[in-house]
Amino acid sequence: MLGKIGWALAAIIAAAALAVIATQRGEPVNALWIVVAAVSLYLIGYRFYALYIAKHVMRLDPALPTPAVRRADGLDYVPTNRYVLFGHHFAAIAGAGPLVGPVLAAQMGYLPGTLWILFGVVLAGAVQDFMVLFLSMRRDGKSLGELVRMEMGAVAGTIALFGAFMIMVIILAVLALIVVRALADSPWGMFTVAATIPIAIFMGLYLRYIRPGRVAEISIIGFVLLMLAIVFGRNIAESPVFGPMFTFTPVQLCWLLIGYGGIAAILPVWLLLAPRDYLSTFLKIGAIVALAIGIVVMAPQLQMPALTKFADGGGPVWSGNLFPFLFITIACGAVSGFHALISSGTTPKLIANERDVPFIGYGGMLMESFVAIMALVGASILDPGLYFAMNSPSALIGTTPESAAAAVTAMGFPVTPEYLAQVAKDVGEASVISRTGGAPTLAVAMAEIFSHVIGGSAMKAFWYHFAILFEALFILTAVDAGTRAGRFMLQDLIGLVSPQFRNASSLVPGFIATALCVSAWGYFLYQGVTDPLGGVNTLWPLFGIANQMLAAVALVLATVVLFRMKRHRFAWVTILPATWLVICTVTAGLQKVLSSDPAVSFVAHARKFSAALEQGQVLAPAKNLAEMQRIITNDWIDAGLCILFLGVVISMVIFGIRSIISAYRIPEPTAIEIRGVPAE
Amino acid sequence: MTQQPKSLKDMWQQAGDPGLPGRPVTLDQTAHDPRTHGNQGPKYALRRFFSGVRETANLMIGIPSYENYLAHMANRHPDIAPMSEIEFFRNRQEARYGAGGARCC
């Protein structure tokens with residue numbers, strides 16, 4: 001009885017908090033309302049929806065031994081305490097996506113983003129993670145590609161694998177682009193991020209030769225060194241000798257990153273990748289916890305309106321209307337297809353008991369969504385004028401505080417040049433104008449929140465660079481680890497044609513696959529860096545489409561399996577989000593190809609520039625005919641990529657429907673679960 | 001197949017493990033059982049909490065519990081010499097970044 005009252009109370013609190021954030025006009029809303037709405041909705045979603053799915057749709061059986069129990073080996077298959085495993089799973093799914101997407105989405109105001117993050121996660125994102133974890137756990141922890149192959153056939157499996165590889169390429173490019181935008185012309189940031197390389201190598205050598213396996217002590221030493229790098233970064237940046245050495249243009253940074261990615265991916269993992277991964281994982285978890293505490297302590301007011309005029313499209317940060325592009329832009333915080341790869345990776349091999357699955361699969365994604373909510377709150381507590389000055393491309397607002405203030409004020413968000421200059425000074429940067437990509441915006445917000453709690457405004461510059469370091473560190477780790485993972489995927493794919501390419505230990509295929517992988521993301525990175533509209537404009541929607549498309553593929557797979565299990569009565573649980581994601585990605589993909597608006601469609605943009613080129617005209621932002629030609633080529637490649645993604649998602653839907661029909665016709669269950677005998 | 005649990009609570013209780021933080025479920029349960037330690041006070045709770053934090057931090061970076069590995073080897077493969085702690089650490093480090101080591105965006 002008490003429990004029922006408690007849940008009714010949670011529902012009332014959620015509804016009240018949502019009503020406040022949705023209806024308050026004029027008066028600034030306190031960010032805590034969003035936090036309260038989020039937490040109560042998550043609790044309700046978990047208690048009622050996740051457990052409904054567990055009980056009726058999956059029929060989890062605590063008595064059924066999990067792969068961790070059946071195949072226990074103390075290494076890959078280890079029955080693990082559910083709280084420990086939750087930490088592992090969350091650390092694996094949390095990345096830059098949920099931080100950047102909501103910051104970009106704030107251009108439409110805080111309300112649309114908040115609603116999609118909250119309802120999207122409960123009905124779609126968390127369901128996807130949860131279902132894939134369940135499917136993989138019932139099949140010895142097999143990967144997404146193998147699951148699709150098992151349940152939908154070899155061709156569908158290959159298409160899914162190929163789709164996953166293309167997504168990896170776009171993710172790596174867009175993540176690297178965010179780092180480039182954050183570190184360009186910022187000697188302080190560049191120094192601290194560069195310092196992570198020798199620090200990580202020192203940690204690697206220590207762990208290998210001095211005190212092997214002592215991760216805790218060396219991580220603390222590494223952390224102290226990192227903090228020193230941030231503190232002394234200011235002196236480096238201000239020094240007339242060292243300052244210029246760490247000042248790079250975006251194009252220089254792009255080549256540095258490509259070179260770095262190639263080298264880092266073939267070095268032994270213990271030397272650079274692993275130790276930096278340790279630092280970045282702990283820093284990431286620590287910063288997320290600190291941000292949550294900071295928001296609660298500071299209880300900031302939201303400055304951004306609930307809805308801006310850009311909710312109808314035409315915004316400077318990214319192009320397109322609320323539908324479908326808001327859903328594409330937010331990506332990871334509401335639904336992330338990439339999680340299907342994690343949920344079919346190490347986590348299913350560590351589950352001790354089936355009843356832990358809702359907490360880890362569904363609960364882990366709720367936590368990720370909370371990170372997205374915090375990022376949205378961060379972007380919304382900034383002055384909207386500052387937000388648009390930081391996130392609009394320089395082609396629109398110029399590069400000086402005066403031009404930016406004038407342009408942003410003309411957009412309807414009044415801001416003075418003095419204020420923009422003061423913010424830059426406070427955070428210890430030369431300029432904050434047109435620092436696109438979301439990371440710098442979030443860093444300014446985090447500096448605002450952290451300095452409110454610790455250190456006051458004197459510490460703002462430190463906290464800004466701390467936040468930049470935190471984001472850059474795990475992005476670089478993702479670039480490095482992703483290049484490796486992409487290399488193995490590519491070896492697998494090429495291995496379908498020439499089997500000797502699959503040999504993971506042989507050097508030549510490894511080098512070739514690494515080089516191919518780096519050139520693939522490097523190409524899109526270079527294209528993004530040289531894009532006069534800032535690149536985020538072009539690449540982030542491509543990333544969003546790809547990511548949501550993979551989620552749709554995972555949900556189609558889950559639907560097929562539900563039919564094959566003869567649980568089609570409950571298949572609406574996955575059909576609902578799958579349909580929505582297919583509608584969003586297909587509409588967005590088609591608009592990117594077919595729309596007549598050059599700001600939205602790659603093809604319309606290419607046509608516009610081709611027409612001008614024939615006349616011998618040079619259109620801004622190109623400066624000469626060669627640049628015109630390059631813009632046109634990039635447009636066609638991006639359009640081709642969109643068509644490719646559309647092809648993947650549509651063919652997967654067709655394969656899915658075929659599998660569903662044939663499963664429906666057979667009276668008994670056809671799903672292939674591995675329950676088998678205990679190993680050894 | 002056992003009877004379907006009626007509610008979440010049943011589900012939780014059916015297998016008997018309270019799944020408290022800091023209690024690796026596969027370890028010999030008596031090692032963590034307060035009765036065998038004769039200490040149920042806050043000191044024990046605190047120690048259990050910190051061992052849970054340590055285990056979580058290690059698993060976040062892909063290193064499972066070495067004690068658990070030793071226990072597994074002793075129980076299931078008493079005839080095979082287990083890896084040393086250093087070998088175990090290197091083995092897990094390599095495994096984390098091999099094929100299929102996907103990380104999120």
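User: In which loop of chain A is A:K566 found?

Analyst: The model shown is predicted. Phi of A:K566 is near 65 degrees, a positive value in a residue that is not glycine. As for its place in the chain, A:K566 is found in the loop between α24 (536-564) and α25 of chain A.

User: Is A:K566 buried, partly exposed or exposed?

Analyst: Buried means under 20% relative accessible area and exposed means over 50%, with partly exposed in between. The relative accessible area of A:K566 is 22%, so A:K566 is partly exposed.

User: What is the phi of A:S434, and where does this residue lie?

Analyst: Most residues other than glycine have a negative phi. A:S434 is not a glycine, yet its phi is positive. The residue lies in the loop between α20 (417-426) and α21 (439-453) of chain A, and its phi is about 55 degrees.

User: Why does A:S434 count as buried?

Analyst: The limit for buried is under 20% relative accessible area. A:S434 counts as buried because its relative accessibility is 17%.

User: Is the peptide bond from A:F323 to A:P324 cis or trans?

Analyst: Most peptide bonds are trans. A:P324 lies in helix α14 (residues 322-330) of chain A. The bond from A:F323 to A:P324 has omega near 0 degrees and is cis.

User: What span is expected for helix α12 of chain A at 1.5 Å a residue?

Analyst: Helix α12 covers residues 250-266 of chain A, which is 17 residues. From its first C-alpha to its last it reaches 25 Å, close to the expected 24 Å.

User: Which helix gives the largest share of the nonpolar surface patch?

Analyst: The patch is about 750 Å², and its residues include A:F202, A:I220, A:F223 and A:V231. A:V231 is found in helix α10 of chain A and counts as partly exposed, at 41% relative accessibility. The largest share of the patch, eight residues, comes from helix α10 (residues 215-238) of chain A.

User: What is the relative accessibility of A:R276 and of A:D480?

Analyst: The side chains of A:R276 and A:D480 meet in a salt bridge at 3.8 Å, N to O. This pair links distant parts of the chain, helix α13 and helix α22 of chain A, 204 residues apart. A:R276 is buried, with a relative accessible area of 0%, and A:D480 counts as buried, also at 0%.

User: Are A:R211 and A:E217 buried, partly exposed or exposed?

Analyst: These two residues form a salt bridge, with the closest N and O atoms 2.5 Å apart. A:R211 has 36% relative accessibility and so counts as partly exposed. A:E217, at 26%, also counts as partly exposed.

User: What is the C-alpha distance between A:P300 and A:G378?

Analyst: A:P300 is found in the loop between α13 and α14 of chain A and is buried, with a relative accessible area of 6%. A:P300 and A:G378 are 78 residues apart in sequence, while their C-alpha atoms are 9.2 Å apart.

User: How many helices does chain B have?

Analyst: Chain B has 105 residues, and buried residues make up 41% of them. Its elements run α-α-α-α-α-α from the N terminus on. The secondary structure of chain B comes to zero strands and six helices.

Notes:
Residues are numbered from 1 along each chain as its sequence is written. Chains are lettered from A and ligands numbered from 1 in the order in which they are written. This is a predicted model: local features need pLDDT of at least 70, side-chain atom pairs count only at pLDDT 80 or more; totals for chains, interfaces and linings use all residues. Side-chain values use heavy atoms; hydrogens and water are left out. Helices (H or I, at least four residues) and strands (E, at least two) are DSSP runs, numbered from the N terminus. The expected span of a helix is 1.5 Å times one less than its number of residues. Patches are made of residues with over 30% relative accessible area and no salt bridge: like charges are joined within 9 Å, nonpolar side chains (Val, Leu, Ile, Met, Phe, Trp, Tyr) within 5 Å. Accessible areas come from the Shrake-Rupley method with a 1.4 Å probe; for residues, only the protein chains shown count as cover. A salt bridge is a side-chain nitrogen of Lys or Arg within 4 Å of a carboxyl oxygen of Asp or Glu. Buried means under 20% relative accessible area, exposed over 50%, partly exposed in between (1.4 Å probe, protein chains only).
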